[in-house]
Amino acid sequence: MAEYSAFSILKNAISGNRDWKPAWRKPDPKPSYDVVVIGGGGHGLSTAYYLAKEHGITNVAVVEKGYLGSGNVGRNTTIVRSNYLLPENIRFYEHSMKLWENLSHDLNYNVMFSQRGILNLAHTPGQFDDYARRGNAMRHEGGDAELLYPDQIARLYPGLDVSPKARFPVVGGLLQPRAGTARHDAVAWGYARGADRRGVDILENCEVIGFLREGDRIVGVQTTRGDIRARKVAVAAAGSTGRVLKLAGIDNLPIESHVLQAFVSESLKPILPGVITWGGGHLYVSQSDKGGLVFGGDLDGYNTYAQRGNLPLVEEVMSELLAMFPGFAKVRLLRSWGGVMDMSMDGSPIITTGPLPGMYLNCGWCYGGFKATPASGWLFAWTIAKNAPHEINAPFTLDRFHRGILIDEKGQGATPKLH
Amino acid sequence: MSPRRGNTAGRVDRTRTIRFSFDGKSLTGHAGDTLASALLANGISLVARSFKYHRPRGVLTAGIDEPSALVTVLKGEEREPNVPATMLEIYDGLVVVSQNRFPSLAVDVGAVNGLAGKAISAGFYYKTFMGPVIGPLKGTRFWMVCEHFIRRAAGLGSAGTAPDSSRYERMYAFCDVLVVGSGPAGLMAAKAASEGGARVILAELDSRFGGSANWSGETIDSLPAADWAADTVRDLSGRENVRLLPRTTVWGYYDSNGLAALERVTDHKEKPGKGEPRHRHWSIRAGTVVLATGAFERPLVFPGNDRPGVMLASAAQRYAAEFGVLPGEKIAVFANNDGAYAAAKTLRDSGAAITAIVDVRADISAEARAIASAVGGHLLLRHAVVATEGGKHVSGIKVQGFDLASRRLTGEARHLDADCLIVSGGWSPVIHLASQAGAAPKWDETLQAFLPPEPAQNWIGAGSFNGRFTTAEALAEGLSAGLRAAGGNGHPEAVPEVEHAAPFSEPAPVFEIPAKGKAFVDLQHDVTAEDVRLAHREGFISVEHLKRYTTLGMATDQGKTSNVPGLAIMADALGKPVAEVGTTRFRPPFASVSIGALAAERYGDIKPERLTPMHDWHVAQGAKMYAAGLWYRPQIYGKPGETVEQAYVRETKTVREIAGIVDVSTLGKIAVQGPDAATLLDRVYTNMFSTLAVNKARYGLMLREEGIAFDDGTTWRLGEHDFLMTTTTANAGKVMQHLEYYLDVVWPDLKVHVTSVTDQWAGAAIAGPKAREILATCVTGTAVDNATLPFMGIVSGEIAGVPVKICRLSFSGEMAFEVYCGAGHGTHVWEALVEAGKPFGMVPYGLEALGTLRIEKGHVTGAEIDGRTTASDLHLDWMLSKKKPFIGSNMLGREGLVAGDRLRLVGLISLDNRPLNGGAHIVEQVDEANPRHSIGHITAVCYSPALGKYIGLALVKGGKSRHGTRAFISDPLRKRFGPVEIVSHHFFDPEGSRMHG
Amino acid sequence: MLITCPYCGPRDVSEFSYQGDGNRTRPDPASTDQAAWNAYVYDRINTAGDHKEIWQHSGGCRSHLAVTRSTLTHKISHVAFARGGLASVRPAGRDHGDHA
Amino acid sequence: MVEMLSPLQPVWRPGSHGNFADGVGVVLSETQPGSIVQVTAWPGEEKTVIAAIRTASGLSLPDGAGGGIATETRAAFGIAPGKFLVVSEDEGLADALVQAIPINLGTVTDLSHGRTALRIAGPKAEWVLQKFFAVDFSLPALPVGSGVATNHHDIFAHIQRTGEDRFDLTIFRSFARAFWTALCHASEEVGYEVR
């Protein structure tokens, strides 16, 4: 019987909830593992999970400098979608979407993936055509996409300003029905528990402070909890990628770390059915199951590793939210936080072998990290296990920038803050 | 007067009666009341329902830390949900309803959740609702069905969908010293700093300045504390260098001592004054910040601690002393420190009976003991409250012996009468802003509280904020902080004296009473002590995991009363000191702030409208305006009954047959001046400009460093050292920054100045076979014939008495001229041109016709220069000079940029005589059911009157090699499929004979 | 965040545009060293600590500034005109809040 | 000469507005100068250019960033290193400056049509400006004559203090109507007169 079920909840309720086991163990590090994954966030944990589940590699440690899931997996706006423009990205995020759709069952952990759809609003005929191009690209790769018109949109989102007199009037939108939101922490915890139950050691408060090397080859990590040897070392450190690789002497990645702020309002009765984005600027909003409006916008726009943003961006995001939903002016902002994004030079990620022998690299997630979690781990595990990329992540190399084989989703070029 | 309202105490104005309604019931209060004090005065204690179990809840606090008493304020169609009754000042006509209950506050069916009890403890939803793995409810379906009901049960108040009629504003402020909090410490700091000559802002989140001075009952400088505070405020308000901000919550401490504050300007008024904002968003830049934010009292955790009638001791004291309201008539006290004794005294003095004082400690101070005997009632030391009794209000309590050392209950529980229980579990300094400023707080074992960290920015703490809880200490620290902030040495001469000081002691280290029953830690989110222990059992032991797993501290009050008790219970479960369990860093906002306030002046005015000099003419002529970035441009000048297509086809035909005039003022224009101007242009354009003769123009292309196409436009040489560069409308700002960057950072040796002159010039383009004739009829001072004004030539002249510059250039393929004049003369010249064109039948044309003309000519714009295409993709290789390096020249040849399968520009002709759609894809084989194998997409479409066909531009793999072949459009989104012929993008007059002729 | 423009004095970050990593030197325009060009365009040091970067005071004097700013604390330790040889100019008025 | 058309024309409502029962807090106007000119000196030529400005306009610019001078008919101040904004009631100042400043000293850019000059004056002028700009407008921070270059979101502004409670704003013409409307809106609270 599954560890978690309605039945187990009742059984435990009767016994006063005294028999629940820890979701994951708190083991001490072993001297060596087959694979050490650096980063106990969504991507690192899912990598470990799929290494164990798909490739039978269970002698794995995930090392995390803070508490599990303390990075971006717990700091995002929980949106899951695969509405990308470029085929490489569509294929990647569609793979992720399919894993999402069965993730709760796979993990026996309710990650609350709710496919309530994402709607991208267009405000000029030109923008509408851009969305049509994107939606058609998705359809040509087997994804789901529909165009909506203002009357349909007004019915879906009461309170949305669809007046033709609006500064940026709504002329239509692109809907991906299968998109939605998931409970971000549950994803980290679910993968952690799944990996743990398959034998993976999750080592929290275990910061990497150096690499063990034999010649060029990486053969393990030095951590605040001692040296750990590994046949393979996989880096899944997102915003901290630069800091980690610097320990291996690499300081020329096509990555900048930037802060992205996110916001939650006080709890409200249901008012937003799905995820909706505004095209007059850059804003995305949904409503959590608890009732808070969860929203965000642009990056602050400067290099930083501090998980704190500044006020002008806060004001910008609030203004844009109200340009969409003027009725939310009296709703109150409850919390804000910042996550450090690993912004790449073309806005697309890197999942690859190398750059050093014995090392594997997963980074460059920009805004896309949370929704990528299952596919990122699945493909990274494949790449680690087989020492070669899967066909889906084969385009996401590190050398593509120098070679000019870019996957520039927004066409902004080597200016990371614009992706 | 209600029995709960005393006759004298407090600062409410008993001569002014205020009428308001709560859940449809008309009630009265007095000026100066909060909703909470007014409800209590009316004997109403059931105010709200909790989030999860829908338990009845009352008023716990008297301030911004309130977890329970949340209401919705209605103003017509507008709703403001989740307002703490403790912060809501009543006014005549105030309409308030309770929330999160159905059908009513007293009878709420949601309370059935409480029966599920332990089955819906913390984190239960992660473990269930996953549904079957096969069948119609597989995947995410089952969860989504369950979620539908969960969402409806969750949430608190309802937001409105009607736009808010209020006005919001922002204010930037600068000061030497920002004092946050106006209790005795803050007032002293503000006074001292202002006397030192500093520019001071004093912000107080309450409507009254004074903080605890308003209700402590102490004496400062021989005056009742409240009077001392009032005198001090009066003194400050008379000073030029002091700005007092009441009802102002400083909620964010950002980098470089930038603070954000929310002033509630008119929330307490029935109607705002003319032009008065509801909220003012203050963005304050302070030299030094004095944090005198005080402390929050903590409740104790015991079964039944959430029942209406249970209140923090300081809150009860404040209601009695500041509002003249008694929260009960038979009041019991439960404490682990001396502070609650002062509350008991105030309540007794205000007319309530104290039935018992229950204290977990064995020993209390002599002062406390003296108060206990003075107020009467039982003094039960080494005792604890183990339950409250009653339905929707406290009717009694159960007490039992308690051993502090073992923290075990002893003896039998017994009943005591009470209609109100006031509790005190110690005090937590309000260190949120200090933590936001960039450091983690430190646990103090003696005070059982987190104290502020070492300053990571320029702030000074004072008073309870620092864990200095007595008024005497607050005054001394405030004075010292004020002097230091104003640049002094911080050694005060004389500190005001405090008499009748309230007793103070460190609290006994007790947070929870281990008795059976639901004991709440987070009252709003219904997180119980048992939930915290469950989180511990399941390994969610780091503070962040505790919060996220149980939702402790995530409610609207952000855990102001619950974080520390929750942490202490976790520490106890772990068998570790609190210090080792840690605390979370606080992030903005300190307390929730209206989204409207943060949007401020941009609420209802998100972006300025940018208008060309001829805007009003276009509107007057019935043009349909199109938002292009911030600009507005005519889309079509439609005639009655015309569709958009009919209008642009008519306009386009007229241009091709006669002439048309279009407003091109939005094009970016940059003056490039200086001895090295030509050198700069050679470096930023792919083609050569140094060879351009004066009074000639040239079309130029710019790349980004990566070798990708960036922008295009014509640049005019007006003089040896003087160029006028034009850019696309969309990229004007970017190109300007691009040039400035290279001049400042990369080539500082170049003597070139660039200035945006977009707004200096009005631009009108006249195109068509009759264009030259029309011009000739209205231009004076120059000829416009082919010799004087050849292709790409520039002349100066006058039109209707206004100097103009005319350049003969064309994007339409027709004989065309761009006429530039000073923007202030734009309409004047435009009208003269229109008048000159009338005899010929010239028409004004809009963006659609402009687009059609350029598509017919195969000119690229932003849809093709989309940040991914190269010059070669767009067949602009001929513009890449081989004689000189330029930005991007060294990156052009990389393998990815010259790969054979890149998307390249082609033309398309619809073969089924139906319109094409922008954004449609191109395929070799149509598969409507299962679209796949896209080879490209359409970037621009139109009906071409010149060809009599629907045509488009597209980016397609293979590009030119497909010319003359058939393909299909595949647009499953709009269900449009059909055959097209791929052709050259030069649809019309490829030799350019018309424009050169 | 406040950046002290050598011309305009301390101004809010909202007046500035971030122009990226200031550690890079553009190769000589005539250089055909592809590796050097690739590195210039795509590679970043991405320092965790004091970071040299370029900001433009786009909402002020429009000068580009060479700024040294900690990417861990956002504290700015140095600002100068990016264009060499331009000295800081004494402001005409009194400054406030320049305590960063 | 043909008159320049004000971009404010359709929204120009002379008279008192807003909360003016107890007097107006500010007076708003469009000054419509004949010339608005930007002068830029090459590095090292700043002093020569300042002297040339004096020759052409009669205005003696003081040293220092943002330093400036204002008379009833003319004004000038530093807007950037080596860069000055010169405004005059008279038309044709650009030509005079071009004569005075050859290309080896610097450049002259005529912005007379491209910028709209607004004035806000009165006891609440600082208060109203403080709603828009993150710049300290207090007298010690911004003495009479001196000015700043700043922005309100998309709207760039040069602002010179031309009196104790008087400020002259130079705004891009295409944004002038939007800014004027916002300025009037923000002035309602203190009462304003359009003059």
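Here are a few questions and answers about this predicted model.

User: In which order do the 6 strands of chain B close into a barrel?
Analyst: Happy to walk you around it. The pairing in this chain B barrel is antiparallel, and neighbouring strands of the sheet are turned by 45° against each other on average, direction ignored. The order of the strands is 47-50-49-48-51-52.

User: Which residue is the bridge partner of B:Ile922 in strand 51 of chain B?
Analyst: Let's start from the strands. Strand 48 of chain B covers residues 921–923 and pairs with strand 51 (residues 966–971) of chain B in the antiparallel sense, over 3 bridges. The partner of B:Ile922 in strand 51 is B:Ile969.

User: At about what angle does helix 22 of chain B run to strand 49 of chain B?
Analyst: Helix 22 of chain B spans residues 847–857 and lies across strand 49 (934–944) and strand 50 (949–957). Relative to strand 49 of chain B, the helix runs at about 120°.

User: How many charged residues are on the side of domain 1 of chain A that touches domain 2 of chain A?
Analyst: The centres of these two domains of chain A, taken over C-alpha atoms, are separated by 29 Å. Their contact takes 24 residues from domain 1 and 22 residues from domain 2. On the domain 1 side, 11 residues are nonpolar and 10 are polar, while the charged ones number 3.

User: Which element of chain D supplies the largest share of the side that touches chain B?
Analyst: Good one to finish on! Chain D brings 36 residues to this contact and chain B brings 40 residues. Strand 3 (35–41), strand 7 (106–110) and helix 4 (173–187) of chain D each supply at least two residues of the chain D side. The largest share, 8 residues, comes from helix 4 of chain D.

Conventions:
Residues numbered from 1 in each chain as written. Chains lettered and ligands numbered in written order. Predicted model: local features only at pLDDT ≥ 70, side-chain atom pairs only at ≥ 80, totals over all residues. Pairing = 2+ DSSP bridges. Helix = DSSP H or I, 4+ residues; strand = E, 2+ residues; numbered from the N terminus. Axes fitted to C-alpha atoms, helices over the stretch in contact; angles between N-to-C directions. Contact = placed C-beta atoms within 7 Å. Domains from an automatic or database assignment. Nonpolar A, V, L, I, M, F, W, Y, C, P; charged D, E, K, R; others polar.
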